[in-house]
Amino acid sequence: MATVRFTRNIQRHVECPSREVSGATLREVLDGYFRENERARGYVLDDQGRIRQHTVVFIDGELVRDRDGLSDGVEPNSMIDVIQALSGGNYS
């Protein structure tokens, strides 16, 4: 089963422990995770089921390509990292 992990900055808002979840695509794995933790869904996906604008997801260190359909393939031993993207700042 794939392992789904969330960064601490997301966990400040909602408890989302790492879990092993089965599935062949990112959609299947995340749906499986959110079945047991529905509250976390709103922090990761928008109301259309797409990855939120300020969230990034990596599968085995590779940035997810399909942010809308979540069709990226997942291997049984994959590591899925859900990260809140940071933006802004001043570089002067």
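# Questions about strands, a core, rings and charges

Guide: Strand 1 (residues 2-6) and strand 5 (residues 79-84) run in the parallel sense and pair over 4 bridges. This is a predicted model, where local features need pLDDT of at least 70, side-chain atom pairs count only at pLDDT 80 or more, and totals for chains, interfaces and linings use all residues. Residues are numbered from 1 along each chain as its sequence is written, and side-chain values use heavy atoms, with hydrogens and water left out.

Visitor: What makes a stretch of residues a strand or a helix?

Guide: Both are DSSP runs, numbered from the N terminus: helices are H or I with at least four residues, and strands are E with at least two.

Visitor: Why do strand 1 and strand 5 count as paired?

Guide: Two strands pair if DSSP finds at least two bridges between them. Strands 1 and 5 have 4 bridges, so they pair. In this pairing, Thr3 stands opposite Met79 of strand 5.

Visitor: Why is Phe6 called buried?

Guide: Buried means under 20% relative accessible area, exposed means over 50%, and partly exposed lies in between (1.4 Å probe, protein chains only). Phe6 has 7%, so it counts as buried. Tyr33 is at 0%, so it is buried too.

Visitor: What makes Asn37 buried, although it lies in the loop between helix 2 and helix 3?

Guide: Its relative accessible area is 10%, so Asn37 is buried. Not counting residues up to four places away in sequence, Asn37 touches Glu15, Cys16, Pro17 and Arg19. Contact here means heavy atoms within 4.5 Å.

Visitor: Which residues of helix 2 are buried?

Guide: In helix 2 (residues 26-36) they are Leu26, Val29, Leu30, Gly32, Tyr33 and Phe34. These residues pack against strand 1, strand 2 (19-21), helix 3 (38-44), strand 3 and strand 5.

Visitor: What makes a group of residues a nonpolar core?

Guide: The members are buried Ala, Val, Leu, Ile, Met, Phe, Trp, Tyr and Cys residues, joined through side-chain atoms within 4.5 Å. The largest such core has 23 residues, and Val4, Phe6, Leu26, Tyr33, Phe34 and Ile80 touch the most other members. Strand 1, helix 2, helix 3, strand 3 and strand 5 each supply at least two residues of this core. Helix 2 gives the most, with 5 residues.

Visitor: What does Ile80 touch?

Guide: Leaving aside neighbours within four places in sequence, its contacts include Ala2, Val4, Leu26, Val57 and Val74.

Visitor: Why is the pair of Phe6 and Tyr33 called tilted?

Guide: Rings of Phe, Tyr and Trp (its six-membered ring) pair if their centres lie within 6.5 Å; planes under 30 degrees apart count as stacked, over 60 as edge-to-face and the rest as tilted. Phe6 is in strand 1 and Tyr33 in helix 2, 27 residues apart.

Visitor: What makes the pair of Tyr33 and Phe34 edge-to-face?

Guide: Their centres are 5.9 Å apart and their planes 90° apart, so this pair is edge-to-face. Ring pairs link Phe6, Tyr33 and Phe34 into a cluster.

Visitor: How do you know that Arg5 and Asp81 form a salt bridge?

Guide: A salt bridge needs a side-chain nitrogen of Lys or Arg within 4 Å of a carboxyl oxygen of Asp or Glu. Arg5 and Asp81 are 2.6 Å apart, N to O, so they qualify. Arg5 lies in strand 1 and Asp81 in strand 5, so the bridge ties together parts that are 76 residues apart in sequence. Asp81 is buried at 17%, whereas Arg5 is partly exposed at 35%.

Visitor: Why do Asp31, Glu38 and Arg41 count as a network of salt bridges?

Guide: Check each link. The closest N and O atoms of Asp31 and Arg41 are 3.6 Å apart, so that is a salt bridge. For Glu38 and Arg41 the value is 3.1 Å, so that is one as well. Together, Asp31, Glu38 and Arg41 are linked in a network.

Visitor: What separates Glu38 and Arg41 along helix 3?

Guide: They are 3 residues apart, so about one helical turn separates them.
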